[in-house]
Amino acid sequence: MFDEGIKVWLDEALAAGLAPIELEPAEFDAMARLGWRKVSLPQARFPRLLRDVDALDFSGWPIYANASLPEQTAYDICGALAAREAEIPWEKGTDGSALHMGRERDSTPMDVPLHPGAERWYREHAQEN
């Protein structure tokens, strides 16, 4: 499974004879219940595809945490990301920032709830973006 930078490698993979594995509707349904989004890889964007292909969306910069993580720790992690955001490599053409990571956008879908500590951090720092 490849989940990073598809626009960089998909055309080369297709040219080498690889093909995307297509999930069945029941598999997409099961993954949706876990918070995964189905998206289309359009042939118009990837001409070597034989047709539009549905896939799981790996967009975004999720940082997963167990619900038992203390709220203050999650809050502090968000602050640490913001403090170092100049050192985080963002994909060219995106408006990536620590604040960007906690908002619903095409490149950062919010399919799972934020940890309460992260939610508090983003709420308190919303005016900065």
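**Helix packing and loop residues**

User: Starting with Ile-21, is that residue buried or exposed?

Analyst: Ile-21 is exposed, because its relative accessible area is 75%, and the scale used here calls a residue buried under 20% relative accessible area, exposed over 50% and partly exposed in between, with a 1.4 Å probe and protein chains only. The model is a predicted one, in which local features need pLDDT of at least 70 and side-chain atom pairs count only at pLDDT 80 or more, while totals for chains, interfaces and linings use all residues. Residues are numbered from 1 along each chain as its sequence is written, and side-chain values use heavy atoms, with hydrogens and water left out.

User: Where does Ile-21 lie, and how far is it from Val-53 in space?

Analyst: Ile-21 is in the loop that joins α1 (6–15) to α2 (25–33), where helices (H or I, at least four residues) and strands (E, at least two) are DSSP runs numbered from the N terminus. Its C-alpha is 9.1 Å from that of Val-53, although 32 residues separate the two in sequence.

User: What's the overall layout of the protein?

Analyst: The protein has four helices and two strands, in the order α-α-β-β-α-α from the N terminus. Of its 129 residues, 25% count as buried. Among contacts (heavy atoms within 4.5 Å) with a separation of 6 or more, 57% are between residues 24 or more positions apart.

User: How do α3 and α4 pack?

Analyst: Two packed helices are described by the angle between their axes and the distance between the axes. Here α3 and α4 pack at about 45 degrees with axes 6 Å apart, which makes α3 oblique to α4. The axes are lines fitted to C-alpha atoms, for helices over the stretch in contact, with angles running from 0 to 180 degrees between N-to-C directions; angles under 35 degrees count as roughly parallel, over 145 as roughly antiparallel, 65 to 115 as roughly perpendicular and the rest as oblique.

User: And which residues meet there?

Analyst: From α3, Glu-71, Gln-72, Ala-74, Tyr-75, Cys-78, Gly-79 and Ala-82 meet Pro-116, Gly-117, Ala-118, Arg-120, Trp-121, Tyr-122 and Glu-124 of α4. These residues divide into eight nonpolar, three polar and three charged, where Ala, Val, Leu, Ile, Met, Phe, Trp, Tyr, Cys and Pro count as nonpolar, Asp, Glu, Lys and Arg as charged, and the others, Gly among them, as polar.

User: Switching to Arg-51, what does it contact?

Analyst: Apart from neighbours within four places in sequence, Arg-51 is in contact with Glu-22, Leu-41 and Gln-43. Arg-51 is in the loop between β1 (38–41) and β2, and its 43% relative accessibility is why it counts as partly exposed.
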